[in-house]
Amino acid sequence: MTVDSVPLNTGAKLPLFGLGTWQVKDETELTVALRAALDGGYRIIDTAHLYQNEHIIGEVLHEYISSGKIKREELFITSKLPFVAHAPEDVANCVESQLKALKLDYIDLYLIHCPCPFKHQEGNLLPLLEDGKLVFDEKTSHMDTWKELEKLYHAKKLRALGVSNFSAKQLEELYNQAEVKPSNIQVECHIYWPQEHLRSVCKKLGVTFTAYAPLGSPGRKAARPDGVWPEGDPLLEPVVQQLAAKYHKTAAQILIRHLTQHGISAIPKSISPDRIIENISTFDFKLSDEDMHALDTVPTRIRLFIFDFAVGHPLFPHDDVDETTTPKSGFKLH
């Protein structure tokens, strides 16, 4: 399956589809999934320091590259800086550890995972907790962190830089100050949370857009044992079901095609080889303008990832979430 792409401001091409790996830490499950994905035409593999699976991904990438199955330049590896490593003195060491785990000389796209910096324990990158709560780092600014990433970009260890979970305002402020402009933003995006304003800002700035949870992240509740999540399942939306029947596709394929047809890169997570192949098989049809509009105008509007662990932080990005209405529970960052 051939996957369409969009240009980054670096000149590189961002595939419009890839594999998300959030929540997948089991070595056997992830290895099987990665092999199925790479064999099936996936070239984006999206991970993060926080996912604790870069070492597993590194083994599979090394297997495929060293055997000649895939050339390194054909791959597009995305990873992210954890919220406990924003301080300038932590950035380079963290990136080096990730490169070592991934068994790579460079990462194609590297994102600041969260706009809210937190402190870590002395001697490691485990979060510092006080009374069971994460401790804010209120001294480190986005530009403090970005300048360190720019050094690694110039050293060609990071080929493109970007952010994740930033607001439109935060993205634009960073863009205006940065020497190396952000190439990409990765945020929650699906028919229930289409991010119209942020997408318009990205279009103005020439920043590409990646959607995590493009299917509404049906497995997200497994990351929160207490079950405290906003309710909503785009896969069950009636118009999605109707269009799946019309186009003889699955609901997941309809949701993925809706995003990629908008020029949005989608990175659904799956560990099922059959589902992995099904998800990428979406570039052999197009939704009509009428059907795109129907998906664009689904009346439900709900954010499914609320970042309750960061509510109250000076750099908390979401104006629609506040301390009085947000349930508190353990931190889980997509």
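Colleagues, what you see is a predicted model, in which local features need pLDDT of at least 70 and side-chain atom pairs count only at pLDDT 80 or more, while totals for chains, interfaces and linings use all residues. Residues are numbered from 1 along each chain as its sequence is written, and side-chain values use heavy atoms, with hydrogens and water left out.

L8 sits in the loop between β1 (5–7) and β2 (13–15). Helices (H or I, at least four residues) and strands (E, at least two) are DSSP runs, numbered from the N terminus. Which residues does L8 contact, leaving aside its neighbours within four places in sequence? They are L14, F76, A160, S183 and T208, where contact means heavy atoms within 4.5 Å. S183 is 175 residues from L8 in sequence, but the two C-alpha atoms are 5.8 Å apart.

I turn now to the sheet. Eight strands form an open sheet with parallel pairing, in the order β3-β4-β5-β6-β9-β10-β11-β12; two strands pair if DSSP finds at least two bridges between them. Its edge strands, β3 and β12, each pair on one side only. In general, strands of a sheet pair through backbone hydrogen bonds, either parallel or antiparallel.

Consider β9 (161–164) and its two partners. On one side, β6 and β9 are joined in the parallel sense by three bridges, and L111 stands opposite G162. On the other, three bridges connect β9 with β10, again running parallel. Here V163 is partnered with I185 of β10, and S164 with Q186 of β10. Which way do the residues of β9 point? L161 and V163 point one way, G162 and S164 the other, and all are buried.

Next, a helix. Is α8 (residues 251–261) mostly covered or mostly open? It is mostly covered, with 10 of its 11 residues buried; among them are I254, L255, I256, R257 and H258. Its buried residues pack against β11 (208–212), α7 (238–247), β12 (265–266), α9 (273–280) and α10 (289–296). After α8 comes G263, with a positive phi near 80°.

Two further residues have a positive phi without being glycine. As background, most residues other than glycine have a negative phi, and most peptide bonds are trans. Q23, with a phi of about 80°, lies in the loop between β3 (18–20) and α1 (27–39) and is partly exposed at 26% relative accessible area. N165, with a phi near 65°, lies in the loop between β9 and α5 (168–177) and is buried at 2%.

Now the largest pocket, which holds about 470 Å³ of space. On a 1 Å grid over the protein atoms alone, a cavity is a set of points where a 1.4 Å probe fits but cannot get out, whereas a pocket is an open set with protein on both sides within 12 Å along at least five of seven lines; lining residues have an atom within 4 Å of a point. Grid points are joined across faces, edges and corners, and a volume is the space filled by probe spheres set on the points. How many residues line the largest pocket? There are 25, and S167, A168, P317, H318 and D319 lie nearest its centre. The elements giving two or more residues to this lining are α5, β10 (184–188) and α6 (196–205). The lining divides into 12 nonpolar, six polar and seven charged residues; Ala, Val, Leu, Ile, Met, Phe, Trp, Tyr, Cys and Pro count as nonpolar, Asp, Glu, Lys and Arg as charged, and the others, Gly among them, as polar.

I close with two record annotations. UniProt, in an unreviewed entry, places the feature "active site" at Y51; its positions are given in the numbering used here, feature names are shortened, and annotations may be inferred rather than shown by experiment. Y51 lies in the loop between β4 (44–46) and α2 (54–66) and is buried at 2% relative accessible area. The UniProt annotation "binding site", also from an unreviewed entry, covers H113. H113 lies in the loop between β6 (109–112) and β7 (129–130), and is buried with a relative accessible area of 0%.

Methods
Buried means under 20% relative accessible area, exposed over 50%, partly exposed in between (1.4 Å probe, protein chains only).
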